[in-house]
Amino acid sequence: MEESGVEGLEAALSQIVAREIQDLETRTLSDSQKELLSQAKQDVEAGNFSQALEKIWQISNTSANSVSPTDN
């Protein structure tokens, strides 16, 4: 993949990760999910968007009952 394609992919991935983190911050999370979210934010700060997305995926795939909107 050429350089501009990689940069475009990284930009798109960073937007997806930012949106998902913003959404997760509005939800009630377990302690382990909060830790994963914290690690995902650290990955974002380091520019590791793929790793951040993996952690977001882990949060999303843990018990659905423990992730719920706080405005219910």
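**Exercise 1. Determine whether Asp 43 is buried or exposed, and which residues it touches.**

Solution. Begin with the accessibility: Asp 43 has a relative accessibility of 10% and therefore counts as buried; buried means under 20% relative accessible area, exposed over 50%, and partly exposed in between, with a 1.4 Å probe and protein chains only. This is a predicted model, in which local features need pLDDT of at least 70, side-chain atom pairs count only at pLDDT 80 or more, and totals for chains, interfaces and linings use all residues. Residues are numbered from 1 along each chain as its sequence is written, and side-chain values use heavy atoms, with hydrogens and water left out.

Finally, list its contacts (heavy atoms within 4.5 Å): with residues up to four places away in sequence not counted, Asp 43 touches Asn 48, Gln 51, Ala 52 and Lys 55.

**Exercise 2. Classify Gln 51 by its accessibility.**

Solution. Gln 51 lies in helix H3. Its relative accessibility is 41%, so Gln 51 counts as partly exposed. Between the C-alpha atoms of Gln 51 and Gln 39 there are 9.2 Å in space, and the two are 12 residues apart in sequence.

**Exercise 3. Describe how H2 packs against H3.**

Solution. Take the geometry to start: H2 (residues 31-45) and H3 (residues 49-60) pack at about 165°, their axes 8 Å apart. Axes are lines fitted to C-alpha atoms over the stretch in contact, and angles run from 0 to 180 degrees between N-to-C directions.

Then consider the residues. From H2, the contact includes Gln 33, Leu 36 and Asp 43; from H3, it includes Phe 49, Gln 51 and Lys 55. The contact residues divide into 8 nonpolar, 4 polar and 2 charged.

**Exercise 4. Identify the residues that make up the largest nonpolar core.**

Solution. The core has 12 residues in all, among them Leu 13, Val 17, Leu 36, Phe 49 and Ile 56. H1 (3-24), H2 and H3 are the elements that give two or more residues to this core. For Ile 56, with neighbours within four places in sequence left aside, the contacts are Val 17, Glu 20, Ile 21, Leu 24 and Ala 40.

Definitions and conventions:
Helices (H or I, at least four residues) and strands (E, at least two) are DSSP runs, numbered from the N terminus. Ala, Val, Leu, Ile, Met, Phe, Trp, Tyr, Cys and Pro count as nonpolar, Asp, Glu, Lys and Arg as charged, and the others, Gly among them, as polar. A nonpolar core is a set of buried Ala, Val, Leu, Ile, Met, Phe, Trp, Tyr and Cys residues joined through side-chain atoms within 4.5 Å.
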